[in-house]
Every structure is written in C-alpha cells, then in structure tokens.
Amino acid sequence: MSSIKKQLLQQIKSAREESSKTKKFSGNLMDYIEMVEKDPTIVKSSHKRLHDAIEEHGSYVMPDSDSRKFKVFDGESIKIHKYFEGEFFGMETVIEKVMSFLSSAAHKGEESRQVLLLMGPVGAGKSALTEHIKKALEGKKYYTLKNDPHRGEPLQLIPRSLRPSVEAALNVKIDGDISPVARHKLLNDYEGKYENFEVEEVTFSQRGRRGVASVPPMDANSQDVSVLIGSVDISKLDKFAEDDPRSLSLNGAFNVGNRGVVELVEVFKNEIEFLHTIITATQEKRVPSPGKSDMLHFDGVILAHCNEAEWNRFQSEHTNEAIMDRIVKISVPYCLELNQEVKIYEKMLGKSDFKAHIAPHTLKIASMFSVMSRLKESAKCDALTKMKIYNGEEVLEKGRVRKVDIRDLREEAKHEGLDGISTRFITKALDNALTASDKGMITPISVMDSLTKMVKEQLVDESFKTKCLELLQKTIREEYLKILETEIAKAFISAYEEQAQSLFDSYLDNAEAYTTRAKLKDRVTKEERKPDEGFMASIEEQIGVTGSSRDGFRSDVTAYMFAKMRRGEKVSYKTYEPLKNAIESFLISSVRSMARIVTKSKTRDEDQVKKYSEMIETMIKEYGYTAESAEEILAFASNNLWRDS
Ligand SMILES: Nc1ncnc2c1ncn2[C@@H]1O[C@H](COP(=O)(O)OP(=O)(O)OP(=O)(O)O)[C@@H](O)[C@H]1O
Ligand SMILES: [Mg+2]
C-alpha cells in the first residue's frame, strides 16, 4: 500500500473514532426538558444564538493608545469584535451597527421582527460580511424535533395551556407552534403523546441545508415562491391528499433557515411579489405553507443585501412601504482609510495563490487610487490632503500641522464612499500587472500602468474617467516620486537614522539657546558660542519656515520637546512631525546631486559603482526589494526624478 494511502486511512479511522466519542444527545421531549432544566441557555431565539456565536469570540474597546481612535474616529469609543478582526478592515462602524442590531433583536426588541439590509456599492464587502456572519453558526449545535423538515424547537410541543408553568419552571420562553409535518407525526406516530416525541441534536451547516439558507436572486420567469416556502410534492399526490402534510416538501429557504439565518442575496433584483413573504416572516414570524396547511412559525435572522441603485428604485415605489417599514438598513460604504484599504489587498493576495514579488509601496499606490477616487471634492483641501487626514496622518503646511478637522470634512461630504473605484477593479489591476510582467513581480510602476489602461478601457462615465486619469497620471504619480526620492536618498545615506538624530540634537540645542537667549556650550570643547542661525535656517527653509515665522517655529519646537521630556517621554528626530520633515528633507537635499549622478550615470567610476551597489543592497535588505525590482525602480527614478537639476 502506498504510504499516503496508509496515512490517509489511519487519519480517517482516528477521525471516526474521535467523532463517535463525542456522544450526541438522543432522547425524547422529557429527556430534552431535563437537559434544558440544567442549562436553559440551550433554548435561544435565532437572533440571540447568532449574536452569542459572534460575541463568544470576544470584543474590546479600541484603546486610547490606538492612534486611530482620535485621528480617525474623533475620540469616539469603538467596540472591536474579534470575530471580524483580520478579515474586515475599516469597517468597524458597520460591524458595530450590525452587532447592535443583533443585540437588540436578541433582547426581542423590534429588530427581531425586521430584516437587516446591507446596502452599498459593488465590492464593498456586503457578501463577504454576510458570509462571515453566517459562518459564526456553522458547526454549532441545536435541538430539533426528529424528522421535522422545518426543524422546530422541541418545546413547541408543549400545549398552550401548560406553557406558563413550564416556562416559569425552566426559565425559558416558548414561541410558536410545531410544523404541520411534525403535527401529523405527533398524531399518527406518537398517538398525540407529545412527551414521547423524539428530539434530535443537529449542527448548523449551510451545505447540509440545516439552519442556514441562502436565496440567490431569480429572474422573473423562473421565480417561484417554492424557493422560499417549499412546495407540494406532486409525485406524492397519488398517495396522499393535497391537504395531507405528508405531501409537503418543506425545503424552502424559510424552512431550511428556521432557527438560524436566511440570506437574501441582491434582494431587490427579485420581483416584488416574491418579497411579500418577508412581511409575514418578519412581523408575524410566520411563513405560508405550501398547499393548504396553516402558516408555519418562523424564527430566523433575515439578512439581505443590495446596491444603492436597486434600493433607490425600490424605495421610490410607494407600494413598497410595507416592506420598507420592516427593514433596518445599514450602509456599507467603501473603505476611505488608506492603511486599511491596503490591508484589504494584503488579505486578498494572501488568500489567493498569487506568489509574485510585490515591490514596496505597490499596494499603497493602488489603494491611494481607489480611496481618492471615492472621495468627494472638498472646499477645504485637495484630494491628497483629504486622503491623508482620513488616514489619520498629520498634514503639514508652512512648518505647522494643518488644522483641518476630520469631522468637518466628513460633514461637508455626506454620502461619501458610496461610489468610486471598487476593490475588484483594483484586484483585477494587480492581476493584470502580474500577467504583463515577465519577471513575476509587480511594482508601483506596473500597477499604475495597468490601472491607467483599465481606466481608459473600462470606465464609461467621461468625467469620472477624467478624474481617475488625473489622479493616476498626476496626483499619485507625483506623490510616488516623492516617496521614491526620499527612499533612494535614505538608501544612499549610510547610517541615515544616526545622521538624522544628530542633526536633530544639534538643532534642538541651537533652538533652545536661541529661544532662551542663552549661549550654547560645545559638547566637546565646552566653549561657549552663539546659536548657529545659519544652520537652523537651512533646516527650516526645507519646510517653508522663513523670515519672521522662524522665531515662532523655534520656540514651538523647544516647548514641545521639553514638555515631552518633562513627562519622561523619549524624544527623537521623529517626535515632532514638522521638524522630522525638515530634517529628512535637509538630508535628502544634501545628497540629491550625488544620488542623481550615481543613479543616472550610464558609466560609473569605481566609487560610484560601489555606492550604487551599496544602495541596491540597502533597498533589498532593509526595504524589501528584490534585485530586479530595485533595478526597475531605479531606472524609473533616473528617468523621472531630478528633471529640474
Ligand atoms: N472593508 C473590507 N475589508 C475586507 N475585505 C473587503 C472589504 N471590502 C471589500 N472586501 C473584499 O472585497 C471582495 C469583494 O467583496 P464582496 O463580494 O463582499 O462585495 P459586495 O459588496 O458583495 O459586492 P457586490 O455588490 O458586487 O456583490 C471580497 O473578497 C471582500 O472580502
Ligand atoms: Mg455581493
């Protein structure tokens, strides 16, 4: 026998043994009641069950130490549900709303009689979110009447007259009645002795059609309510009468999803008649039975999703008011936070069998494009600035952090994030860039090319197309060149961090002396001298601090740093964003001409060859390039950077 076969057989055997060890419940209603008496939490409404299944993974409030709390969420306290962490990015508020819906519904508030509708643009993650929510139930146990296709709660067998006392004794609430099929069994197989009715332990499974149902949209011709409520099995009609429950096939979505979740995919693509079942399913918690039987009790979470156009069309028909009234709509906009958008693609590429080298900044450049394409124009700042503020970054202007309030920007642009470039557009561009590459890698340059090509070929709306091309060919390209210039200069300067830190120390000494009108003591010779204004000015001019604004800047920096030091915080050249920018820019400009010569030269002398290969080495070791991507980036830089010098 081959070793793999042997190994597999062994694994199958031990898996079987394992599963036979976990004993499944078997017994009748009385045994079930005994179990419920010990643990009343076995009996749960579908909303509570789903809510608990997600909550059980834990949650926490975003800590103050997370910079996103103040910079992105404006200090609001945001609850993070661990179940969604690492899967969904920049969707914290959407998830909070979903959880708050489930929580109210779990307490049997009005939400338990409403449909949860996720509405948002294509590729915003509605399907993925619904899928993930449903998955929380997968494999979880629940108890049903044996051989009841509607899988009702066993306690529904208890007659109305006995319910108050049973409910009080067990500390549970019993809703609804058994299905017609179960009733028929009760009367015929158990002679009405409900205490003997057998109870079964089952697990939620979407593939097994137990407790999780999904209804795809159907075209008008093939649309049939039997998808929702099951049908009368015609083949059984010669055996049973039409009103005999044994002729029923209770295999519709509301039967399968009873006790769990029913998902209505792209719900408004269906004809409206199709949706009327939703009204009774939600409000009365009853769904029609096929054939002539009475309505069936239904307890399930109804999750629906759709896009904005469909919602608007639906909403505009006032005959739809009855359904609208039973819907809690949660908007699922695109992610507008650059760092989070990047994580979406990291996740997607991580899950695919995409094994290519992704050069540094590639996903960031692609994400800049999608995020900026989604932003509404602001009167307060340009798109790039807005993107950075939404990303929680500090934007500098003339040596100061620019005071544009994230709240003002959001208020100015109601309805933002509901259109623009979708996540799928970006993933396709990444794929195309890889296919076009003969070196099995993608770089910001190849991605910008592939995005440009796709924009030209695929976007229909002319003004949006123009906006996108401008973003790609101007805004993002220029921003990338800046990133690149800094990176190359950093790679060029040996011991970059140390140099920056020493410039910082020296600047701080000078600025302090200048501000306090004191003399500066040389650290080595102990000689006293006046602060070096020329040196300070050469740093300050990097960020446009000149003339009379210098004094203010110097005293700001000094006050800021000493306040930090007094609090025992460590300060470095990175502590104060404006000064960090000034120092970096000073360093970069000090090596600009050298970096340019070395990068651009067709023929390099010995020294330059050494410098060039050191630079490539740093790019590979410290920044994550490969030799090939570093070469490609440098070739691009030499053709596009340093034009003016
Ligand atoms: N914020 C996000 N976090 C994580 N993944 C996301 C996010 N937004 C989108 N995605 C991913 O993008 C892909 C497309 O999303 P999905 O299919 O769920 O979109 P949709 O809203 O259902 O779109 P459509 O209306 O076209 O059906 C999925 O792989 C999803 O995981
Ligand atoms: Mg979808």
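**Notes on the ligand 1 site**

1. Let's start at the backbone: an oxygen atom of ligand 1 lies 3.2 Å from a polar backbone atom of Ala 124. Please keep in mind that this is a predicted model.

2. The backbone also takes part at Phe 89, where a polar atom is 2.9 Å from a nitrogen atom of ligand 1. On its own, ligand 1 has 630 Å² of accessible area, and the protein covers 87% of that.

3. Now for the surroundings. Ligand 1 sits in the second largest pocket, with 18 residues around it. The closest of these are Gly 123, Lys 126, Ser 127, Ala 128 and Arg 424.

4. Helix H6 (126-135), helix H14 (338-351) and helix H18 (423-436) each give the shell around ligand 1 at least two residues.

5. A friendly word on confidence: the mean pLDDT of the chain is 90, and 98% of the residues score at least 70. Of the chain's elements, helix H15 (residues 362-374) has the highest mean pLDDT, at 98, while strand S17 (residues 400-401) has the lowest, at 72.

Key. Residues numbered from 1 in each chain as written. Chains lettered and ligands numbered in written order. Predicted model: local features only at pLDDT ≥ 70, side-chain atom pairs only at ≥ 80, totals over all residues. Heavy atoms only, no water. Near = heavy atom within 4 Å. Polar contact = N/O pair within 3.5 Å; in protein donor to acceptor, adjacent residues only side chain to side chain. Areas by Shrake-Rupley, 256 points an atom, 1.4 Å probe, with all protein chains shown as cover. 1 Å grid on protein atoms, 1.4 Å probe; cavity = no way out; pocket = protein on both sides within 12 Å on 5 of 7 lines; lining within 4 Å. Sits in = over half its atoms within 2 Å of the grid points. Helix = DSSP H or I, 4+ residues; strand = E, 2+ residues; numbered from the N terminus. pLDDT = per-residue confidence, 0-100.
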